[in-house]
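Hello,

Here is the structure I promised to pass on. Please open it first, then read my notes below.

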Amino acid sequence: MLTDAGLEVLEWQGDGPMTQPELIERAKQVNALLSLGADKLDKHFFNQCSHLDIIGQFAVGYDNIDIEAASLVGIPISNTPDVLSEATADVAFGLMIAVSRKMFFNHKTIIRGEWKKFEPLKNLGFQLSGKTLGIFGMGRIGLVMAKRCKGAFDMRIIYHNRSRNHEAEQLFGAKYVSFDELIRESDVLSVHSVLSDETRGLFNREVFSQMKPSSIFINTSRGGVHNEADLIEALNQGSIWGAGLDVTNPEPMKPDNPLLDMPNVAVLPHIGSATVEARNGMARIAAGNIISFYQRREVPNCINPQVLESGKS
Ligand code: DGY
């Protein structure tokens, strides 16, 4: 799409993300940047690369980007919403089932040669039907998770959000509750919020201690939203029953992380949007955002549209 639109593309071919000095060095040679979540686009980056016309982030999340710093130097930032909602909600839904039945752990017992006989009282999980799903962050992905859980298990849906989500309320009978009610009443608490100053480390020891001892914590948004040491402690002490994570802090998670050995835990390596459909959609939108800027001075998925109105010199 980019070359068809007449743009010359300089592609990073290295294995893994660029270091920030490598990124800055290359960004200085180009007019626009198609960035990934691992790229650190902070104040220093924008001071060094204030010449950029536009940044097309290949992700819906943009917590790696200092939007205020970008806006100060007049650079529009765009992201890729919607196309990955189904894929990411599928991972949250899958983790919920996997944790409730200790699937990852039971799979490992076969590999270890520990499947010897039928044991009626061993490795019991619990049913999800009729349980209460709490959604923290009822946006596009949270809405699909609510749909999956309502349809598959007739779960009662409660949610906490910055604002009411009338669609979720009408379609799935979702009930808006305070944060305190959310953490106290959820049997499964699924995080779908952004990572911001408000949400960083929000799910900590104090929060886990108020959740039901039988509850499952699911996070497919950003690892920074939960405190990993507190989560490990909560699981060890039985403040909560289980956890399913597609995101960790830091990423990648180290192979000796104690969470990986816990029976009631399932961890995935941030694969929420990893379907052919979602990744193709993200690529099309990220490229389209950049092309649209050059062709029409419009950016369909702009996070800081005020910079387009004020215009860069
Ligand atoms: C997103 O789009 O934010 C996903 O987490 C992939 O990075």
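**Loops, helices and the ligand site**

P250 sits in the loop that runs between β9 (242–245) and β10 (265–267). One thing to keep in mind throughout: this is a predicted model.

The bond to P250 deserves a look. N249 and P250 are joined by a cis peptide bond, with omega about 10°. P252 also lies in the loop between β9 and β10. The peptide bond from E251 to P252 is cis, and its omega is near -5°.

Another backbone feature is at D154. This residue is not a glycine, yet its phi is positive, about 45°. D154 is placed in the loop between α6 and β5 (156–160).

Next, the helices. Helix α4 covers residues 85–100 and helix α6 covers residues 140–153. Their axes come within 8 Å and cross at roughly 50°. The crossing of α4 and α6 is right-handed.

Now the ligand. Which residues are around it? They are A59, V60, G61, L84, R222, H270 and S273. By type, this shell splits into three nonpolar, three polar and one charged.

Some distances to ligand oxygen atoms:

- V60: a backbone N or O atom lies 2.7 Å from an oxygen atom of the ligand.
- G61: a backbone N or O atom lies 2.9 Å from a ligand oxygen.
- H270: a polar side-chain atom lies 2.7 Å from a ligand oxygen.

On its own the ligand has 230 Å² of accessible area, and the protein covers 83% of that.

Best wishes

Terms used:
Residues are numbered from 1 along each chain as its sequence is written. This is a predicted model: local features need pLDDT of at least 70, side-chain atom pairs count only at pLDDT 80 or more; totals for chains, interfaces and linings use all residues. Side-chain values use heavy atoms; hydrogens and water are left out. A residue is near a molecule or strand if one of its heavy atoms lies within 4 Å of it. A polar contact is a pair of N or O atoms within 3.5 Å; within protein, one must be able to donate a hydrogen and the other to accept it, and residues adjacent in sequence count only if both atoms are side-chain atoms. Accessible areas come from the Shrake-Rupley method with a 1.4 Å probe; for residues, only the protein chains shown count as cover. Ala, Val, Leu, Ile, Met, Phe, Trp, Tyr, Cys and Pro count as nonpolar, Asp, Glu, Lys and Arg as charged, and the others, Gly among them, as polar. Axes are lines fitted to C-alpha atoms, for helices over the stretch in contact, and angles run from 0 to 180 degrees between N-to-C directions. Helices (H or I, at least four residues) and strands (E, at least two) are DSSP runs, numbered from the N terminus. A crossing is left-handed if the near helix is turned anticlockwise from the far one by less than a right angle, and right-handed if clockwise.
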